[in-house]
Amino acid sequence: MIYVGSVFRRSPALADDRSGLEINYWESHDEELLKAGLPAMLRRLPALVTAALRLAWRASRADTAVALGGNLAAGAFTAFGLLATSSVLASLFAAGPTPGRIRAALPALALVAAATGLRGGLLAAAGWAQARLKPQVERQAERRLFELSTQVELTAFDDHEFHNAMRRARDNGVPDTATVVEMTVSVLTGAVGLAAPAVALGLLHPVLMPLLLVTAVPAGWAALRTARLRYAAFYRLSAARRRKFMLSDLMAERQPAAEVRAFTLRGFLLGEYDRVADLEQHVQLDVARRQAGAKAGGDLLTGAATVAVYGALGGLLAGGVIPLSVAGAAVLAIRSGQTSLAASMQSLNKLYEAGLYFGDYLNFLVLAADRTPPPDGAAPPAGDFRRITADRVSFRYPGAAAPALTDVSVTVTRGEVIALVGENGSGKTTLAKLLAGLYRPDTGTIRWDGADLAAMDGDALRRRVSVIAQDHTRWPLTVRENIMMGRPLDEERLADATAAAGADRVVEELPDGYDALLDRRFRGGHDLSGGQWQRIAVARGFYRDAALVIFDEPTSALDARAEHALFERIRRHADGRTVVLITHRLASVRFADRIYVLDHGRVAESGTHDDLLAAGGGYADLYRLQASAFRAGPAPALRTDPQEVA
Ligand SMILES: Nc1ncnc2c1ncn2[C@@H]1O[C@H](COP(=O)(O)OP(=O)(O)OP(=O)(O)O)[C@@H](O)[C@H]1O
């Protein structure tokens with residue numbers, strides 16, 4: 001079981017039903033983050049703001065400068081406008097006839113109007129720059145993620161921790177990267193919007209400044225508490241949400257639709273859905289209740305603080321500490337400050353929350369960089385290789401209890417056809433992937449003409465190898481793109497590869513030929529049968545101009561005629577390439593130059609077909625069993641003792 005329970009510690013009655021859908025064990029360190037208090041959160045902010053500004057700067061210097069500069073300048077005009085307002089009020093409240101007082105107030109009034117207009121213009125420019133930043137930052141973050149996800153070593157995808165980190169970074173981290181930048185600018189805007197009236201109040205009378213700040217504490221506490229609760233819920237549900245996505249795919253996607261019906265899985269799947277949805281609902285209701293409590297508490301305290309501030313202002317006025325014009329300007333400044341404060345608290349709330357997801361994104365970048373092979377790998381030997389050797393190679397998948405390969409040694413000489421046979425799970429595919437440089441051995445070495453694969457540039461090596469995987473991908477692309485696989489178009493080679501794989505008839509029968517889109521989810525898309533798809537996959541292998549071609553069960557879905565034609569082509573070394581062939585059809589490997597029989601991750605036997613038959617081991621046993629299927633009479637019993645077979 002991957003998941004361990006924790007939320008039900010508080011509600012044991014639900015434990016039986018919902019266990020297995022809880023927080024993942026590798027997320028336990030994040031709980032520390034959730035428990036962090038307000039000071040810890042505020043301590044986190046400078047790092048967040050710095051990282052966000054760096055990202056924004058890299059995405060667009062001009063937009064970052066305008067967004068920040070515009071807001072700062074607008075803040076200065078706010079303070080200036082408030083001071084000018086105080087002057088206006090002082091003129092209006094002065095003694096004398098009304099027309100004279102109005103005339104005296106006009107210059108200050110003009111300044112207020114100019115400051116307001118300029119502030120509006122600056123805020124509009126800053127807002128536009130902020131809006132332009134968002135897509136640029138998101139694109140940059142997403143591209144970086146895809147650069148790394150397509151570059152990390154293949155074993156990273158077998159590692160649950162990495163996989164989960166990648167999902168979190170992709171699903172939440174990337175969108176929240178833009179939010180972090182957006183909210184950072186908003187928080188800075190809010191801070192300037194708060195600082196401007198604070199400065200204006202300080203200039204009007206020093207005692208007024210602290211009054212504004214009194215209202216900040218309760219609103220800030222409520223906003224941050226709400227964000228923490230929401231984040232806690234996200235973490236508690238991350239495994240459940242993934243399960244729900246999987247269930248959604250199983251119940252509403254085309255591919256499994258037939259099996260859902262054939263196996264009458266509907267009830268089972270809906271039951272699973274209810275189990276996950278129950279947990280989700282339980283956690284969400286719990287969070288909503290606690291968020292409502294936090295908000296109500298925050299509102300109550302903010303209200304009390306506001307009453308206290310206005311009371312204090314009244315007291316100062318009554319005591320003659322400040323004149324009426326200053327009190328009037330102070331009311332406007334406090335109003336303006338409170339509006340900015342509310343906005344910046346909301347932004348702070350969002351920034352903190354998005355910052356946690358953004359932290360996931362940053363963590364993923366570090367994890368992925370650790371798992372990316374160094375870029376300074378050596379080039380594979382020039383020209384065709386003469387020999388590939390695997391020497392006492394062992395390999396264990398991440399988290400697997402037993403090694404998939406132990407002390408395996410094989411040799412592949414140029415131009416040979418090498419067959420890997422053995423029972424299910426004996427390690428054939430794993431060995432083929434190691435030979436192709438997709439995995440690196442834990443111990444032992446694989447060499448191309450003496451050059452160690454471990455020190456070689458992975459991409460350069462893989463350009464020389466063609467792997468037709470057993471579970472090949474059905475790319476939602478056109479037939480042509482499915483065969484070319486990113487290589488440049490060469491019409492003659494395309495026609496050859498298609499014919500060699502027996503895919504020419506498939507292409508002929510499609511109304512759009514090579515241009516047919518192989519995905520029924522799109523308009524005009526087509527689907528192929530399993531065997532037709534396999535022919536396309538084999539054509540892909542032939543199209544690639546590779547020195548080594550690895551066919552992993554290339555004929556499992558082919559009809560007898562196509563299978564025969566393909567093996568004939570491989571047997572005749574039609575294109576002079578070296579082939580590693582994995583198959584369970586022993587009749588088809590008789591012609592191989594050498595056969596390796598794998599058993600529980602070890603090489604149990606090796607040699608030519610005749611050698612192995614003469615040795616009378618497991619291969620001979622299985623071969624006779626398969627051959628008997630085409631003869632009349634009962635199948636021979638499988639013998640476990642090789643001596644007996646001989
Ligand atoms: N991604 C993986 N993570 C963990 N274990 C794996 C993974 N892939 C394969 N294994 C395990 O490694 C062992 C060898 O698997 P491999 O796919 O190489 O066998 P195979 O001989 O190709 O089998 P088959 O004939 O069924 O294709 C098996 O025990 C399998 O369960």
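**A guided look, by the cut-offs**

Visitor: Why is M485 called partly exposed?

Guide: M485 has 14 other C-beta atoms within 10 Å. A residue is buried with 20 or more other C-beta atoms within 10 Å of its own, exposed with 12 or fewer, and partly exposed in between; C-beta atoms are placed from the backbone. The count for M485 falls in between, so M485 is partly exposed. A word on the basis: this is a predicted model, in which local features need pLDDT of at least 70, side-chain atom pairs count only at pLDDT 80 or more, and totals for chains, interfaces and linings use all residues. Residues are numbered from 1 along each chain as its sequence is written.

Visitor: Where does M485 lie?

Guide: In the loop between α15 (479–484) and α16 (491–500). Helices (H or I, at least four residues) and strands (E, at least two) are DSSP runs, numbered from the N terminus.

Visitor: What makes the phi of M485 worth a stop?

Guide: Phi of M485 is positive, about 50°, and M485 is not a glycine. Most residues other than glycine have a negative phi. H600 also has a positive phi, near 45°, without being glycine. H600 sits in the loop between β9 and β10 (602–607).

Visitor: What makes H600 partly exposed?

Guide: H600 has 15 C-beta neighbours inside 10 Å.

Visitor: Which residues is D593 in contact with, leaving aside neighbours within four places in sequence?

Guide: E416, V417 and I418. Two residues are in contact if their C-beta atoms, placed from the backbone, lie within 7 Å. D593 is in the loop between β8 (578–582) and β9 (594–599). Its C-alpha is 9.5 Å from that of G415, 178 residues away along the chain. D593 has 16 C-beta neighbours inside 10 Å, so D593 counts as partly exposed.

Visitor: What makes a set of residues the largest nonpolar core here?

Guide: A nonpolar core is a set of buried Ala, Val, Leu, Ile, Met, Phe, Trp, Tyr and Cys residues joined through C-beta atoms within 7 Å. The largest has 74 residues. Those with the most contacts inside it are V137, V180, V181, A200, L201, A330 and L351. Helix α6 gives the largest share of this core, 19 residues. A200 touches A79, L82, L83 and A333, not counting residues up to four places away in sequence. A second, separate core has 71 residues, including F385 and V579.

Visitor: How do you know where the transmembrane regions are placed?

Guide: From an unreviewed UniProt entry, which annotates 64–84, 104–129, 177–201 and 207–224. UniProt positions are in the numbering used here, feature names are shortened, and annotations may be inferred rather than shown by experiment. The model shows residues 104–129 as 100% helix and 0% strand, with end C-alpha atoms 39 Å apart. Residues 177–201 are likewise 100% helix and 0% strand, with end C-alpha atoms 36 Å apart.

Visitor: Which residues are closest to the ligand?

Guide: Y397, A404, N424, T429 and T430 are the closest of 13 surrounding residues. A residue is near a molecule if its C-beta atom, placed from the backbone, lies within 6 Å of it. Helix α13 (residues 428–435) supplies the largest share of the shell, three residues.

Visitor: How do the residues of the shell around the ligand divide?

Guide: Three nonpolar, eight polar and two charged. Ala, Val, Leu, Ile, Met, Phe, Trp, Tyr, Cys and Pro count as nonpolar, Asp, Glu, Lys and Arg as charged, and the others, Gly among them, as polar.

Visitor: What are the bounds of domain 1 and domain 2?

Guide: Domain 1 is 7–370 and domain 2 is 387–608. Such bounds come from an automatic or database domain assignment. The C-alpha centres of the two domains lie 51 Å apart. Six residues of domain 1 and seven of domain 2 make the contact. On the domain 1 side, one is nonpolar, two are polar and three are charged.
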